[in-house]
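Here is a walk through one protein model and its ligand. Keep the structure open and follow each stop as it comes.

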Amino acid sequence: DKTIVVTGACSGIGAETVRVLRARGARVIGLDRSDPMLTLDGFVKADLSEQAAIDHAMKQLPAQVDALANVAGVPGTAPAELLGRVNYLSLRHLSERVAERMSAGASIVNVSSILGHFYMQRLDQHKALADTRSFEAGLAWLARNPVSQATCYEFFKEALIVWTMRRGHALFLEQGIRMNAVAPGPVFTPILGEFATQLGEARVQADASRVKRPSFADEVAPAIAFLCSDDARAIVGANLPVDGGFEASYL
Ligand code: NAI
């Protein structure tokens with residue numbers, strides 16, 4: 001049985017991911033800044049916006065990890081600096097630290113977003129940021145190249161996709177670890193806030209085959225579980241849309 005660490009385990013997509021992975025027999029350790037309301041095999045309370053908090057959390061995480069699902073995230077209404085830390089820099093740092101406890105065949109899955117779709121438009125910037133590698137160097141790069149509040153959510157999801165490909169390729173060559181991303185469209189979870197009402201949850205429930213429809217967390221979690229599993233052993237550096245047809249509709 002696999003030992004899997006899930007961040008953002010206390011709500012939304014993360015909580016569903018915990019449920020699916022446990023139902024399939026994994027031992028799941030949750031990591032979140034909130035208190036868990038669900039059954040877990042272990043839990044570490046940590047604020048993923050600080051490098052020191054991640055380093056501290058590492059002391060409580062298992063010595064051997066088979067998969068890491070990076071699901072924690074804050075919405076675009078969060079201040080740009082916090083968003084950069086939680087949705088990108090901390091995720092990178094945690095992944096690098098957990099990778100030290102992984103063997104060949106292990107898997108890392110990052111939750112990106114449909115909003116990262118246009119990463120090619122700023123590819124050079126995202127590659128340069130990806131290559132900073134350390135938390136500190138990433139912060140220094142961002143101080144030199146500030147990201148506006150208006151675009152920060154998209155920017156860091158784009159950056160996450162590029163890092164997943166670039167670093168994922170290297171991690172696979174160096175250690176046989178597979179790193180991939182899942183890119184949801186809108187998903188009905190607390191992160192949407194009032195936006196959920198505009199999307200029409202009731203209407204989606206009534207018309208589940210509508211293309212471009214928003215999703216529910218239990219429709220995204222199985223894709224994360226799949227990429228964590230050995231069934232995905234030939235998938236490396238991919239960004240898998242799980243978006244009810246949103247991305248396809250861009251063509
Ligand atoms: P959510 O708000 O239900 O859950 C996010 C979880 O992350 C919460 O449990 C929260 O406590 C945790 N978290 C936030 N900041 C943290 C920090 N500093 N330290 C530790 N834990 C922290 O949101 P949801 O929808 O489940 O989001 C999960 C991921 O999916 C995020 O990365 C989000 O950007 C992404 N996503 C969500 C979409 C949506 O429409 N819901 C669409 C596309 C991507």
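Helices (H or I, at least four residues) and strands (E, at least two) are DSSP runs, numbered from the N terminus.

Now some ground rules. This is a predicted model, in which local features need pLDDT of at least 70, side-chain atom pairs count only at pLDDT 80 or more, and totals for chains, interfaces and linings use all residues. Residues are numbered from 1 along each chain as its sequence is written. The term pLDDT is the predictor's confidence in each residue, from 0 to 100. For the protein chain the mean pLDDT is 94, and 95% of the residues reach 70 or more. The complex as a whole gets an ipTM of 0.99 and a pTM of 0.96 from the predictor. Where pLDDT is low, the predicted coordinates should not be read in detail.

Go to the ligand next. A residue counts as near a molecule or strand if its C-beta atom, placed from the backbone, lies within 6 Å of it. Of the 27 residues around the ligand, G8, G12, G73, T189 and I191 come nearest. What classes of residue make up the shell around the ligand? There are 14 nonpolar, ten polar and three charged residues. Here Ala, Val, Leu, Ile, Met, Phe, Trp, Tyr, Cys and Pro count as nonpolar, Asp, Glu, Lys and Arg as charged, and the others, Gly among them, as polar. Two helices, α1 (12–23) and α3 (80–99), each supply at least two residues of the shell. The largest share, three residues, comes from α1.

Those two helices also have packing partners. Two packed helices are described by the angle between their axes and the distance between the axes. Axes are lines fitted to C-alpha atoms, for helices over the stretch in contact, and angles run from 0 to 180 degrees between N-to-C directions. Angles under 35 degrees count as roughly parallel, over 145 as roughly antiparallel, 65 to 115 as roughly perpendicular and the rest as oblique.

Now take α3 and helix α2 (residues 51–58). Their axes come within 10 Å and cross at roughly 25 degrees. The helices α2 and α3 are therefore roughly parallel to each other. A crossing is left-handed if the near helix is turned anticlockwise from the far one by less than a right angle, and right-handed if clockwise. The crossing of α1 and α9 is right-handed, and α2 also passes α3 in a right-handed crossing.

Next, cover. A residue is buried if 20 or more other C-beta atoms lie within 10 Å of its own, exposed if 12 or fewer, and partly exposed in between; C-beta atoms are placed from the backbone. Helix α6 (residues 152–175) is mostly covered, with 17 of its 24 residues buried. Just after α6, G176 takes a positive phi of about 70 degrees.

Most residues other than glycine have a negative phi, and most peptide bonds are trans. Return to R133: its phi is near 65 degrees, a positive value in a residue other than glycine. R133 is partly exposed, with 14 other C-beta atoms within 10 Å.

Finish in the loops. S112 and V182 are 70 residues apart along the chain, yet their C-alpha atoms are separated by 5.8 Å. M120 lies in the loop between β5 (107–111) and α4 (123–130). M120 is exposed, with 10 other C-beta atoms within 10 Å.

S148 belongs to the loop between α5 and α6. S148 is exposed, since 8 other C-beta atoms lie within 10 Å. From S148 to A80 is 68 residues in sequence and 7.0 Å in space, C-alpha to C-alpha.
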